[in-house]
Amino acid sequence: MEKLVCHQLVSFFERLKILPTLQSAYRKNHSTETAVLKVITDVLRAADRGEVTLLCMLDLSCTFDTVHHGILLDRLRYAFGIQGMALSWIESFLQDRTQSVHIANQQLSIMKLVCGVPQGSVLGPILFLVYCADVTAIAHQHGVGVHSYTDDSQLYFHADISVVDDKVQQLLVCVEEISHWMNGNRLKINKDKTQFVWLGTPHQLSRIRCQKITLGGADIQISTEAICVLVSCWIVG
């Protein structure tokens, strides 16, 4: 039953072209390979133009477990046009689920879940993609490149060395707005595991002076990765 509903949902979304095109997961012809190829190609083209790339790899905390059912159903109704019996079926799929904790032979009290999509299910991942579709839209509004795979999002920009400081601030504003959006939607960026890396040729990277940024009050060191090493790793992999 889940497979049938999932197939119809994805067909409906793709026919109307309302799923993010730069989201590679749980869809035909969208995989880890397409995600890697897209980002690597953008980085290599930027290097050919004499530009460096700053890549931000966002890490989220407990994403599948914190999807709020009410927000998800509203998003399906108002942003994706799912109504009537189809919406009622999805609501019944999400609601009236419970969980409990077992320690040795003792079971703690059973609690009713008001959030989370079932991990390991067929339909859960597609519902998660719908829930997080606004992340790519926010990135585009800030002129920041983006590509996502499940709950992992890569934000990046390309720029000449002379203007990287302004572009870094532009990227940080974008990350802060995404963080604010996630807080309002019961999601959370794990800032301790979010990473930034400069990508470019060895000569380009040697001219970069910005090696540390501040995000949410925390100082984050920016690592560097030369294009020649990056391509070598990709080919060997």
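Predicted model: local features only at pLDDT ≥ 70, side-chain atom pairs only at ≥ 80, totals over all residues.
Local features need pLDDT of at least 70, side-chain atom pairs count only at pLDDT 80 or more, and totals for chains, interfaces and linings use all residues. Residues are numbered from 1 along each chain as its sequence is written, and side-chain values use heavy atoms, with hydrogens and water left out.

**View 1. Helix H3 meets helix H5.** Helices here are DSSP runs of H or I with at least four residues, strands are E runs of at least two, and both are numbered from the N terminus. H3 (residues 69-78) packs on H5 with axes 10 Å apart and an angle of about 75°. Axes are lines fitted to C-alpha atoms, for helices over the stretch in contact, and angles run from 0 to 180 degrees between N-to-C directions. H3 is therefore roughly perpendicular to H5 (the term covers 65 to 115 degrees). Ile71, Leu72, Arg75 and Leu76 of H3 make the contact with Leu127, Val130 and Tyr131 of H5. Contact means heavy atoms within 4.5 Å. By class, these residues are six nonpolar, no polar and one charged. Ala, Val, Leu, Ile, Met, Phe, Trp, Tyr, Cys and Pro count as nonpolar, Asp, Glu, Lys and Arg as charged, and the others, Gly among them, as polar.

**View 2. The buried residues of H3.** His69, Ile71, Leu72, Leu73, Arg75 and Leu76 are buried. Buried means under 20% relative accessible area, exposed over 50%, and partly exposed in between (1.4 Å probe, protein chains only). These buried residues pack against H1 (2-16), H4 (84-94), H5, H6 and H7 (164-184).

**View 3. Arg186, in the loop between H7 and E8.** Which residues does Arg186 touch, not counting residues up to four places away in sequence? They are Thr66, His68, Ile71 and Tyr131. Arg186 is partly exposed, with a relative accessible area of 49%. Thr63 is 123 residues from Arg186 in sequence, but their C-alpha atoms are 8.9 Å apart in space.

**View 4. Thr201, in the loop between strand E8 (195-200) and helix H8 (202-206).** Is Thr201 buried or partly exposed? Thr201 is partly exposed, at a relative accessible area of 26%. Not counting residues up to four places away in sequence, Thr201 touches Ala47 and Ile227. Leu72 lies 129 residues from Thr201 along the chain, and 43 Å separates their C-alpha atoms.

Notes
Parallel < 35°, antiparallel > 145°, perpendicular 65-115°, else oblique.
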